[in-house]
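Please read it with the structure open beside you.

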Amino acid sequence: MPKKINLKIFKDFVESSNFGGFLLFLCVVISMIVANTSMAAPLQNLLDTKLGYENEAIHLNYSVSMWINDGLMAIFFLLVGLEIKREIVEGELSSPKKAILPILAAIGGAVVPALIYVSFNSGSETASGWGIPMATDIAFALAVISLLDKRVPTSLKIFLAALAIVDDLIAILVIAIFYSSGIELGYLGYAGIGMLVLILMNRFNVKNPYLYLIPGVFVWYFVHHSGIHATIAGVLVAMTLPTNDTEVESPLEKLEHALVKPVNFLIIPIFAFANTNITIHQEMIEGLTSPLGLGISLGLIFGKPIGIVATSLICSKLGIGQLPANSNLIHIIGLGLLAGIGFTMSIFISMLSFDNQVFIEEAKLSVLITSLIAGILGYVILNLSSRRKGKKTEI
């Protein structure tokens, strides 16, 4: 009798946090292969295909790529917003003592890369891309550190998660303030009414989290037409979901749990596939050493760790915040490199930064290559740090 195939290992992998990172990486590879074959034109035609409905009152007829970037990504930002609110209410950002170091480290890790980018691109056509190297891809960064399992302190993983969430909040504010078009106050007013409905639902203790999505869709529509980037609507809606600091699962936590797998296993891979279909040509390779490419690459791979490590050391020495338990300088450097994995958010900001398609593709390629290098270096350094157990490096 033939031996049955043991599918438990595969099932465990699919259900693990690592599978989302693997799927994301696979979609990037497939997309770039397709973009450099005869299938490139059909794929672009598909992404340019218009879907939706439009008349004098309703305007919802957009290309597939816009539905992905403005529609599906609003769901991604909804999940990010839920995570941010949960951390503020009951997690690593719930008290000044817990929150101060990841907040300041995230700010340092955002400001230094932006300054590096500006130093290369100030006064040029690409100056508007300063927000690109500020971002950290929370999914990829946490996927890489989870591969190390018990070889790094649990406190370090929690610190990275808190830092990445603050980093996302910074990116959201940057997009809302600097990468939105002219504001239409009428539509913004309608969005405000939708938000008022959501706040009243919270006040009247509406427990069903899915009921919040109904006015949430209207908020998305009006924010989209107001000139503020539509994905910000996801964060605004998330902030109205009720939560608590008890063991009882709140409406916010129910919706968060419901969204994690669809976002990680469907939405982010689709976004990656649709936005990394980069047809590589000679000018683009040369663009890696242009001010644009260098600003992004050096910002992510040097600016991120420098900003995070320097801020963490200063705060630790001044007694402003406390470093993760059982961590050392090598741990913080490795964590800073993992924060240099920009990917999803950096690519997203790249598309908002430029009208010139060449600049967008050069930025995407720089982000992809640098994120890969940052991830590998971060993994190697953290892995090496586990072999120095008992040899704590003083900070």
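1. Basis of the note. This is a predicted model, in which local features need pLDDT of at least 70 and side-chain atom pairs count only at pLDDT 80 or more, while totals for chains, interfaces and linings use all residues. Residues are numbered from 1 along each chain as its sequence is written, and side-chain values use heavy atoms, with hydrogens and water left out.

2. Side chains of opposite charge can pair when their charged atoms come close. A search of the whole structure finds three salt bridges, the term being used for a side-chain nitrogen of Lys or Arg within 4 Å of a carboxyl oxygen of Asp or Glu. In one of them Arg 86 meets Glu 87, at 3.3 Å from N to O, and in another Arg 86 pairs with Glu 256, the closest N and O atoms being 2.7 Å apart. Through shared partners, Arg 86, Glu 87 and Glu 256 are joined into one network.

3. Cover of that network. Residues are called buried at under 20% relative accessible area, exposed at over 50% and partly exposed in between, with a 1.4 Å probe and protein chains only. Glu 256 counts as buried at 5% relative accessibility, and Glu 87 is likewise buried at 11%. Arg 86, with 21%, counts as partly exposed.

4. The bridge between H7 and H13. Asp 167 forms a salt bridge with Lys 304, in which the closest N and O atoms are 2.5 Å apart. Asp 167 lies in helix H7 (residues 154–178) and Lys 304 in helix H13 (residues 291–318), so this bridge ties together parts that are 137 residues apart in sequence. Both Asp 167 and Lys 304 are buried.

5. Aromatic pairs. The structure holds eleven aromatic pairs, where rings of Phe, Tyr and Trp (its six-membered ring) pair if their centres lie within 6.5 Å, and where planes under 30 degrees apart count as stacked, over 60 as edge-to-face and the rest as tilted. The rings of Tyr 62 and Trp 67 have centres 5.7 Å apart and planes at 70 degrees, so they form an edge-to-face pair; Tyr 62 is buried at 13% relative accessible area, whereas Trp 67 is partly exposed at 28%. Phe 354 and Phe 359 are also an edge-to-face pair, with 5.8 Å from centre to centre and 70 degrees between the planes, and both of these residues are buried.

6. Helix H15. Helix H15 (residues 343–353) is mostly covered, with ten of its eleven residues buried.

7. A nonpolar surface patch. Phe 25, Val 29, Ile 33, Leu 372, Ile 376, Val 380 and Leu 384 make a nonpolar surface patch of about 610 Å². Such patches are made of residues with over 30% relative accessible area and no salt bridge, with nonpolar side chains (Val, Leu, Ile, Met, Phe, Trp, Tyr) joined within 5 Å and like charges within 9 Å; the areas come from the Shrake-Rupley method with a 1.4 Å probe. The elements that give two or more residues to the patch are helix H2 (18–35) and helix H16 (357–386), and the largest share, four residues, comes from H16. Ile 33, found in helix H2, is exposed, with a relative accessible area of 52%.

8. Cysteines. A search of the whole structure finds zero disulfides, a disulfide being a pair of cysteine sulfur atoms within 2.5 Å. Cys 27 counts as buried at 15% relative accessibility, as does Cys 315 at 5%.

9. A backbone point to inspect. Asn 205 has a positive phi of about 60 degrees although it is not a glycine. Asn 205 lies in the loop between helix H8 (185–203) and helix H9 (213–226), and is partly exposed, with a relative accessible area of 44%.
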